[in-house]
2 protein chains.
Amino acid sequence: MVHQSNIRAAFQGERGAYSETAVRTFFSDPLPVPCRHFLDVFQLVQNRSVDCGVLPFENALTGSIHENFDLLLQFPEITILGEVKIRIEHSLLGLADAQLSDIRQVLSHPQGLLQCEAFLDSHGDWERIPHYDTAGSVADIVKSKDISKGAIANSLAAEIYGARVLAEGIETNRENYTRFFVIGRSDEPRPEWTKPLGLAADKGSIVFSTRDKPGALLEAMQALAARQLNLQKIESRPIHGKPWTYMFYLDFDLPANRDLLTEALEELAFHSENVRVLGVYRRG
Amino acid sequence: MVHQSNIRAAFQGERGAYSETAVRTFFSDPLPVPCRHFLDVFQLVQNRSVDCGVLPFENALTGSIHENFDLLLQFPEITILGEVKIRIEHSLLGLADAQLSDIRQVLSHPQGLLQCEAFLDSHGDWERIPHYDTAGSVADIVKSKDISKGAIANSLAAEIYGARVLAEGIETNRENYTRFFVIGRSDEPRPEWTKPLGLAADKGSIVFSTRDKPGALLEAMQALAARQLNLQKIESRPIHGKPWTYMFYLDFDLPANRDLLTEALEELAFHSENVRVLGVYRRG
């Protein structure tokens with residue numbers, strides 16, 4: 001938790017979405033700004049309409065969220081300032097005066113229904129209704145005033161919409177985490193909250209493409225490894241208009257000696273193209 | 001094109017889907033077997049109900065098709081026997097007696113509509129109707145007998161459903177390719193069609209996870225590169241239940257001297273876990 005209040009943080013989803021939990025995990029007293037699309041979050045940050053954006057980049061079960069990797073490339077003035085991981089804990093929510101025994105129908109995003117399959121199977125008589133959004137399904141059951149309707153969502157949504165938590169921790173797989181990046185403009189002074197407890201960045205992310213020759217990716221990775229920039233994750237995304245060529249996104253440990261990063265980038269320039277540092281930040 | 005006829009090849013989609021084009025590009029006179037889900041294709045191959053399956057693994061615009069990478073892991077007896085790439089060429093299809101000027105509504109899979117946006121924009125008065133499938137939208141307009149309805153799909157679907165091609169090459173980006181793998185059972189004798197024109201395999205695919213220590217992926221890649229197994233593609237997929245750990249899928253050039261592959265695999269066993277050769281095959 002970073003202790004700075006009143007940060008305007010844009011996120012994608014309805015109020016009470018898991019992304020809002022990420023915002024509230026990273027900042028102590030934020031002003032969350034809900035957005036319809038991931039692109040809207042990037043644009044609000046770009047226009048300086050908010051202080052930062054908080055966006056999911058990876059889920060431990062389903063993998064990378066490619067849309068946000070692709071969007072990072074389209075916004076060269078945006079940089080990664082922080083990282084935060086949250087565990088996805090699903091709850092069953094009902095109306096404020098509902099009991100578990102009142103429930104007959106359960107609404108949620110298809111992924112929410114799927115991730116609570118074991119719990120739903122133990123209530124085989126409930127009808128499962130796919131909805132566009134987890135938090136949105138809570139908003140809608142509250143609006144319906146129908147005591148037989150439940151929603152699978154974040155318990156934070158109970159507070160926001162005046163619903164009641166009827167069952168907690170109903171997800172089948174408890175090892176379900178989502179990793180978020182906090183993004184901001186690279187030309188703004190680096191805010192104090194990027195150094196939680198005064199600690200400096202210890203992780204970095206870069207993106208590059210390789211020249212079309214054998215071993216180019218390997219040489220690029222060696223340039224990093226030789227300078228203690230240990231690889232944490234690699235992700236490839238296709239380059240449009242150049243079939244079977246890729247942009248590589250790498251996350252690595254950042255040593256305290258920043259000259260090592262500078263040296264690695266200098267060598268990287270020989271082996272690769274379009275090298276861009278996406279950000280250096282404190283690991284979440 | 002591989003010259004062997006009467007191969008029973010399962011694919012995902014309706015008759016006339018792009019996957020059927022891939023089947024007909026790879027085999028000269030195949031017996032295509034349409035399946036509803038990717039999983040069905042794997043199961044038919046597993047049960048020996050078909051000779052092989054033809055499945056998309058990568059699109060040059062949208063990236064890897066993760067579901068099929070994940071399914072490969074679930075079927076250890078299935079191996080990659082071939083590779084085929086096709087260009088995605090969209091056509092506008094109408095009823096057999098329709099003219100372009102009759103069209104008022106266009107049906108297709110949302111991706112099909114999106115990939116022909118420039119063409120659709122030049123006919124601004126047409127209504128765009130998202131459908132579950134490209135080939136399925138051709139089947140449905142033919143069934144409707146409504147001359148004002150068009151469908152965006154593969155021109156192959158015109159033949160199959162008795163529709164008419166009203167416009168060809170209407171995709172905005174012509175650099176749209178999809179890469180398919182031909183899969184079969186690893187315990188069957190290797191069929192003759194895996195050696196087109198008598199040519200031996202020149203490409204391979206492996207999957208492995210790395211031990212949890214810095215540089216493990218790099219060492220694994222070096223083990224391959226030192227033996228001329230040049231990396232063509234790398235893809236990472238999360239391991240369920242072990243957050244932030246990955247399975248790595250690598251495609252590489254396969255040298256004529258197969259001892260090099262054996263040596264590389266022996267060294268790989270030191271740096272990585274769960275090493276599996278997914279297949280060796282002739283590049284498509």
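Which residues are exposed on the other side of H9(A)? I began my notebook with this question, and the answer follows under helix H9.

**Entry 1: ground rules.** I am working with a predicted model, in which local features need pLDDT of at least 70 and side-chain atom pairs count only at pLDDT 80 or more, while totals for chains, interfaces and linings use all residues. Residues are numbered from 1 along each chain as its sequence is written, and chains are lettered from A and ligands numbered from 1 in the order in which they are written.

**Entry 2: chain A as a whole.** I looked up the secondary structure and found nine helices and 15 strands in chain A; helices (H or I, at least four residues) and strands (E, at least two) are DSSP runs, numbered from the N terminus. Along the principal axes, the C-alpha atoms of chain A fill a box of roughly 65 × 40 × 30 Å. Of its 284 residues, 46% count as buried, where buried means 20 or more other C-beta atoms within 10 Å of the residue's own, exposed means 12 or fewer, and partly exposed lies in between, with C-beta atoms placed from the backbone. Among contacts in chain A between residues at least 6 apart in sequence, I noted that 72% join residues at least 24 apart; two residues are in contact if their C-beta atoms, placed from the backbone, lie within 7 Å.

The domain assignment, which is automatic or from a database, gives chain A domain 1 (2–86 + 176–187), domain 2 (91–167) and domain 3 (203–281). I noted 44 Å between the C-alpha centres of domain 2 and domain 3 of chain A.

**Entry 3: helix H9.** I checked the length of H9(A), residues 259–271, and its 13 residues should span 18 Å at 1.5 Å a residue, which agrees with the 19 Å between its end C-alpha atoms; the expected span is 1.5 Å times one less than the number of residues. The buried residues of H9(A) are Leu261(A), Ala264(A), Leu268(A) and His271(A). They lie on the same side of H9(A), because they cover an arc of only 70 degrees around the axis, the arc being that of the directions from the helix axis to the C-beta atoms. On the other side of H9(A), I found Asp259(A), Thr262(A), Glu266(A) and Phe270(A) exposed. The cover over the buried residues of H9(A) includes strand E12 (203–210), helix H8 (216–225) and strand E15 (272–281) of chain A.

**Entry 4: helix H2.** In H2(A), residues 38–46, I found Phe38(A), Val41(A), Phe42(A) and Val45(A) buried. Their arc around the axis is only 95 degrees, which puts them on the same side of H2(A). Just after H2(A), Arg48(A) takes a positive phi of about 60 degrees.

**Entry 5: other positive phi values.** Lys145(A), a residue other than glycine, has a phi near 55 degrees, and its place is in the loop between helix H6 (134–144) and strand E9 (149–153) of chain A. I list Lys145(A) as exposed because it has 8 C-beta neighbours inside 10 Å. In chain B, Gln228(B) also is not a glycine and has a positive phi of about 65 degrees; Gln228(B) lies in the loop between helix H8 (216–225) and strand E13 (231–238) of chain B. With 17 other C-beta atoms within 10 Å, Gln228(B) is partly exposed.

**Entry 6: Thr178(A).** I located Thr178(A) in strand E11 (residues 177–185) of chain A, where it counts as buried, with 22 C-beta neighbours inside 10 Å. Leaving aside neighbours within four places in sequence, Thr178(A) is in contact with Tyr18(A), Pro56(A), Asn59(A), Ile86(A) and Ile88(A).

**Entry 7: the two chains.** A rotation of 180 degrees with 0.0 Å of shift along its axis superposes chain A on chain B, at an RMSD of 0.0 Å, the copies being superposed by least squares on the C-alpha atoms of residues with pLDDT of at least 70 in both. That is the relation of a two-fold axis. Glu235(A) comes closest to the rotation axis among the residues of chain A, at 3.3 Å (C-alpha).

I then looked up the interface, where 25 residues of chain A are in contact with 25 residues of chain B. The largest share of the side of chain A that touches chain B, six residues, comes from E13(A).
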